[in-house]
Amino acid sequence: LPRWWMWLFVITVVFAGAYLVLYPGLGSKSGTLGWTSVGQYQSERERAAAELAPMFARFNAMPIEKLAVDPQAHAIGERLFANNCSTCHGSDARGGLGFPNLTDGDWLWGGTPDDIVATITNGRAGNMPPMAAAVGSAEGVRNVANYVLSLSGSPHDNIAAQLGKAKFVACAACHGPDGKGNTALGAPNLTDRIWLHGWGEDLIVRTVNTGWQNLMPAQKSRLSEEQIRVLAAYVWSLSRGGVSGLAAA
């Protein structure tokens with residue numbers, strides 16, 4: 001073998017030995033430098049936070065309505081959304097089955113800036129309990145489903161809907177006697193043709209029979225308060241036509 005191969009091997013062995021002394025790599029040994037990937041990550045986060053502090057101080061002095069039309073805040077909110085929210089709500093924020101559309105102005109838990117901050121910070125746990133027992137028979141459930149469809153003017157069996165109206169009292173405790181929902185409970189408005197889990201008689205029958213569980217995870221352990229305000233401003237703007245729509249309002 002060429003002589004330089006031997007020296008390359010020796011250098012590699014020496015480098016590896018030095019690396020294992022300085023950095024973690026030998027079982028539970030932490031290395032003489034005390035370096036960890038977690039520590040490196042935290043250090044980089046702290047440095048980034050210090051660099052961004054003046055910018056976020058400016059943002060904190062602005063109401064969310066103003067943040068929503070600030071180009072710099074909007075750009076940061078868009079990146080925060082892409083990194084933390086788009087997996088469920090989609091890159092265009094239009095959601096999908098089981099995941100709310102954030103662009104349509106229909107809010108399960110309220111759509112004010114403060115409501116959105118609370119939702120992002122603490123998360124939401126939506127619970128539609130099985131209601132078949134309260135409604136009664138399978139026929140009664142189907143009648144209620146048709147009455148629910150009638151509230152939004154969706155295709156339905158008119159006779160069944162009339163029969164289901166009296167049974168709707170079991171649903172009115174959450175959705176209201178007029179079916180317009182209750183943001184304090186996260187109960188959807190049943191009159192607007194916006195269906196989180198899809199629509200149609202069979203789907204509503206399933207909903208009444210088995211219920212639904214929905215979870216919006218809290219983000220307060222992942223994002224700072226300042227980041228949440230900027231993200232909330234971005235989300236709030238989406239249902240108002242974005243920056244251009246707010247600027248024209």
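**Salt bridges in a predicted model**

Arg142, Glu201 and Asp202 are linked in a network of salt bridges. The model is predicted.

Student: What makes arginine 142 and glutamate 201 a salt bridge?
Tutor: Their side chains meet at 2.3 Å, N to O. The cut-off is within 4 Å, so the pair qualifies. Arginine 142 sits in helix α8 (residues 138-151) and glutamate 201 in helix α11 (residues 201-210), 59 residues apart.

Student: Why do aspartate 202 and arginine 142 count as a salt bridge?
Tutor: The N to O value is 3.4 Å. That is within 4 Å, so the name applies. Aspartate 202 in helix α11 and arginine 142 in helix α8 are 60 residues apart.

Student: Why is aspartate 202 called exposed?
Tutor: Its relative accessible area is 58%. Exposed means over 50%, so aspartate 202 is exposed.

Student: Why is glutamate 201 called partly exposed?
Tutor: Glutamate 201 has a relative accessible area of 26%. Buried needs under 20% and exposed over 50%, so 26% falls in between.

Student: How many salt bridges does a search of the whole structure find?
Tutor: The search finds 3. One of them joins aspartate 70 to arginine 58, with the closest N and O atoms 3.1 Å apart. Aspartate 70 lies in the loop between α3 (64-67) and α4 (71-84), and arginine 58 in helix α2 (residues 37-60), so the pair ties together parts 12 residues apart in sequence.

Student: How do you know whether aspartate 70 is buried or exposed?
Tutor: Its relative accessibility is 11%. Buried means under 20%, so aspartate 70 is buried. Arginine 58, at 36%, counts as partly exposed.

Note on methods. Residues numbered from 1 in each chain as written. Predicted model: local features only at pLDDT ≥ 70, side-chain atom pairs only at ≥ 80, totals over all residues. Heavy atoms only, no water. Helix = DSSP H or I, 4+ residues; strand = E, 2+ residues; numbered from the N terminus. Buried < 20%, exposed > 50% of the residue type's maximum accessible area, 1.4 Å probe, protein only.
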